[in-house]
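Biologist: I have a structure on the screen and would like to learn how to read it. Please give me the general idea for each feature, then the case at hand.

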Amino acid sequence: MKRRLIHLSVLVILGAIALPRCASCWDNPDDPKVWVEKLEEAKSKEDRERALFNLYRIYELNKAMVERDSKYKQKLKSFRKLVNPVIVKVFRKKIKDRYILPTQLVEKLVIFEADIPAVGELFIEIIDKYTRLEADEYGDDDRQETLAAKAVDGLAKMAVRGSMPAKALDSIGKMIGVICKARGSRKGIEGLDPRSFVRNAVVKSVPSFLKSKGSRSKLAAILSEVVRFGQLPKSEQDPMVTIFGIRLLGDVGDTSDATVESLVLSLLGKGRGRRFYSFAATAIAKMPALSSGKHPAVEPLLLMLEGDPWMRTILDIKTKMSALAKKRRGDKSQEYKDLKARLEPLEAKYKQKKVMPKCPYKAKYTYICKLFWQANVEEWSKTEPGVIPMNALMVLREIGDTSEKVISTMISNYGIDVVRKRWLAQARSVPGMEDKKDKRIPGVQMQKMMIESYGRDMNLRSVMLRALGRMGAMTKPVVLKEMLRSLTWAGDPSMMVKAGEGGYLARFNKKMLERLIELSTKAASVMMVNFKKRQVKMFFWGKVIKGTCPAGQEYEQKFKKCLNDVPEKVKDANWYCFDKFKSLWLPEFYYAIGYHKPGDLKRHVQDFCKKTDPWYQNTRKSLLEKVKAGGAEGKRAKLALYACSESPDPKALKKGETMECNKWNVCDGRNNMLCLDGHWQLRLHFHRHASLLTTSEYVATLLKHTAEDLMGPHRISEKSLPKKEGRKASVFFDSDDKQYLNKVPWPEELEKLRVKRARAILEKELCHHRELLWVVQECGSDINKYINVVKGVQKVPVEDCSKLKAPFPKHLDSRPTPSKRGAPSWRARLKALRMIAMLGAQKGKSSREVKAAIRAAIDYYVTAGGLAKHQLRESREMVLLVLDRLADYNAHKDVMCPYPYSMRQRNLLRDRYNIPRYEEKLARAKKDKKEKDIAKWKGLIKKYNAKVKKDLEELTKPQPCFKIFKLVIEDETSRRVKGVWQINRDARNAIGRLARRSKLRYDQI
């Protein structure tokens, strides 16, 4: 209201300026009849513009007054009845064979809320002329595009009011079909296609058009056209138009083949998914199910997951030919010749990359073939290997389909047996390795060079294993078998970690939990044991050879020369040369871990760099002089000069200005947790997975674990390593493994410091894990207690992990059970949510406990927004798991949750009633001691505070929990709250799954 009155005052002033002709006449300047007559009689652009402005002024004046006096509603109706038909008539009336102010006339029809049929027909006529390229009479290209966009906007406003002509969407659809094909040489702003302006108007109007019955299929066709056009290499469409189109397709809820095609292709949009993937994935997750209950995008996604169709055929034929060739005279058989006749033309055509071979899929999925053909021609495998199946797999995860076909396709392409077989075949096909007879993948680093599909397969398997757990697919025996075996296959530690994550996210399985507990003290992997070796190589090549000093490049040649010139008795050239160059990489290593001796400089400079280094030659000298001078400045110079102190100032230590001498100080992401051995890290992962999954039956077992258990020997013997020579020589031989298996490359005294520091870190992490375990110890199998933990009202045992001190207890019996009980931490709530997901499934969807759990989980989703980074992500992910496992819209749509934005609404109401302004006036009156004003402002503040209270009670009443859930997601997105974008995208996907299970559209939740 306040804003409208300000606007009105401006209009009155401008209106006075615009009335020179009426200053000496008897006409009433506020009578619309006067300006309608002048509009019809206008002989020039200026006359028409003046009449339009005054009609606009009168309309806005009446509209502003409606809020004060209801009689103005009738005035508005009379105004529209009088003015809008005349504007339509005037639009068609040219002056000197030219349209005058056509865009302003259309704009006024939109503002004046014209609903008469003639207006709708005019808007459609403008669109049709623009479509037929017959709109030159309206002006140049820019004016035509503006006019078409305003006509679309006008029809959208009519749709909201229920007065849009029936054929409007057909006309807009035809226009989109034309402007998504025709492309002129003219470019608009920032080199974009100027027709983006029209397409943008159409896309942004879609929510309004949805108000019309039966519009969804037509709107889906329009959006699909826009989205597909936006991905053409030379479309020059504004990418934001494409993004809005993708997002709206998910909301429209259409399941046609055209919609599916445009969204699936958007997963690999410009930059092959860099720009549109996340929006397309969410839009697909929002789509409703078909009448059969199946998701409409599953079939094409499975085709993408299976990989390149022609390469699969080529490999299949080659495998059959290889099998025949091993038989006696098999390569002379007719079957072999037939296979060869099929293979040669297909392989030649595929490698030539000129014409796409015949697509083996149904006609409606030809676009999947074109996608793989584009990947082949542009050689995506060199820059983004496996990007097509990877994106398909991640979207299948969001859809949450656990049907037999989906699961079998995943495992048949990326299961442990298939990948092992593929890797072995690839490794043995390397020149010189054909005679090797490896039957296992040991998990050594060399496989990265031997296996062509290593990176692609590893990424896909990692995503698949976590997805299988989150989708709840482990009730299927084949999935459980895959997860259990993946926990012990050392193909790569990331695979084992993701298998553990999949296990704790899965529906509870006792066998899985027992395996996780077992592996928390026994897990080992050659790749994790030789973690130290990879770090040494990183320091040598990354810090020394590729350092800032040009002289470092000389050592690359010296090292290569060393490898080719080792003494005869040396069996391992790599080890010999790294040891020989220890004086170069070991100092770099010291600085990475914060290990310094008294006198070490703040900045490390290699000996061969000192002559050319400005810091060493200049800064060091000036700092030394200040140190010698002493005093406060000398102390500051000392901190800037020396890396460590034997008796550091606690404040300087806390600020990171200095470190303690002769200690392993740094132990974080800067050096990949180098103070923890790889297999210790792996065991720590499994202990956390087990703690999150465990029930009360196994809590005591997990509580017993100490750092000593996690730091036990890795149990890998030299005999188990691949062999270099002899009958059992392996393609996977890596000469460094044996050297680094049971020794470290740094001095023994440093190793003792590492072990000591590692033990402290592990004990602290285990203490954090006990936060999860004490919750189960406290609540047992009582779901109501877990719900109260999530609410924060149930007290749980509390340990202060920040006050752990060595020596640490070696047994559970020597560790005191927490006597202190306090409010649950975010970890305690995380575990409570996991237990609710398990226990709630046993109660039934309509049970009181499950309804209370849904209410508590969604309320916690709101309050968790105050957590930091990974705490927020993990907490909200677990809320989504609870909703996936327990929520049913039909059973829970009436469950009410508290309104989350009471304070914000209160502030808005205070502003609306001008209370802050009255408070300022009251403060001024008190300062000036004006008693009457003090009483006046106090009275107004009291009066309007009562109104705020009353309005607030109405606005902030509890609402359906799912409505609150969507409100929070949209609110945080619109305010661009940091750190929540990705998890809120996952939340939208979860709502999409919820809607499909209830056979609803996304917007009906």
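Modeller: Start with contact, which means heavy atoms within 4.5 Å. By that rule, and not counting residues up to four places away in sequence, Pro-389 touches Met-304, Leu-305, Tyr-414 and Leu-460. Pro-389 and Leu-305 are 84 residues apart in sequence, yet 4.1 Å apart in space, C-alpha to C-alpha.

Biologist: What should I know about the model and its numbering?

Modeller: The model is predicted: local features need pLDDT of at least 70, side-chain atom pairs count only at pLDDT 80 or more, and totals for chains, interfaces and linings use all residues. Residues are numbered from 1 along each chain as its sequence is written, and side-chain values use heavy atoms, with hydrogens and water left out.

Biologist: How many helices and strands does the protein have?

Modeller: Helices (H or I, at least four residues) and strands (E, at least two) are DSSP runs, numbered from the N terminus. The protein has 49 helices and six strands. Its C-alpha trace spans about 115 × 100 × 70 Å along the principal axes. Among contacts between residues at least 6 apart in sequence, 74% join residues at least 24 apart.

Biologist: Is Pro-389 buried or exposed?

Modeller: Buried means under 20% relative accessible area, exposed over 50%, and partly exposed in between (1.4 Å probe, protein chains only). Pro-389, which sits in helix 19 (residues 387–399), is buried, with a relative accessible area of 7%. Of the 1005 residues of the protein, 51% count as buried.

Biologist: Which residues have the most contacts inside the largest nonpolar core?

Modeller: In soluble globular proteins, nonpolar side chains tend to be buried together. A nonpolar core is a set of buried Ala, Val, Leu, Ile, Met, Phe, Trp, Tyr and Cys residues joined through side-chain atoms within 4.5 Å. The largest one here has 242 residues, and those with the most contacts inside it are Leu-155, Ile-172, Phe-209, Leu-267 and Met-304. Take Ile-172: leaving out residues up to four places away in sequence, Ile-172 touches Ile-127, Val-152, Leu-155, Val-202, Phe-209 and Ile-222. There is also a second, separate core of 30 residues, which includes Tyr-555, Phe-578, Cys-667 and Leu-750.

Biologist: How do I read the packing of two helices?

Modeller: Axes are lines fitted to C-alpha atoms, for helices over the stretch in contact, and angles run from 0 to 180 degrees between N-to-C directions. Angles under 35 degrees count as roughly parallel, over 145 as roughly antiparallel, 65 to 115 as roughly perpendicular and the rest as oblique. Helix 12 (residues 257–266) and helix 17 (residues 366–378) pack at an angle of about 15°, with axes 10 Å apart. Helix 12 is therefore roughly parallel to helix 17. On the helix 12 side the contact is made by Val-260, Glu-261, Val-264 and Leu-265, and on the helix 17 side by Tyr-367, Ile-368 and Leu-371.

Biologist: Which classes do the residues of that contact fall into?

Modeller: Ala, Val, Leu, Ile, Met, Phe, Trp, Tyr, Cys and Pro count as nonpolar, Asp, Glu, Lys and Arg as charged, and the others, Gly among them, as polar. The contact of helix 12 with helix 17 has six nonpolar residues, no polar ones and one charged.

Biologist: And a pair that is not parallel?

Modeller: The axes of helix 23 (residues 454–470) and helix 24 (residues 477–486) come within 11 Å and cross at roughly 130°. That makes helix 23 oblique to helix 24. The contact residues include Arg-461 and Met-464 of helix 23 and Val-479 and Glu-482 of helix 24. By class there are five nonpolar, two polar and two charged residues.

Biologist: What about the backbone?

Modeller: Most residues other than glycine have a negative phi, and most peptide bonds are trans. Leu-133, in the loop between helix 6 (117–131) and helix 7 (141–161), has a positive phi near 60°. Leu-133 is exposed, with a relative accessible area of 63%. Glu-236 also has a positive phi near 60°, and is partly exposed at 28%. The peptide bond from Ala-806 to Pro-807 is cis, with omega near 0°. Pro-807 lies in the loop between strand 3 (796–797) and strand 4 (821–822).
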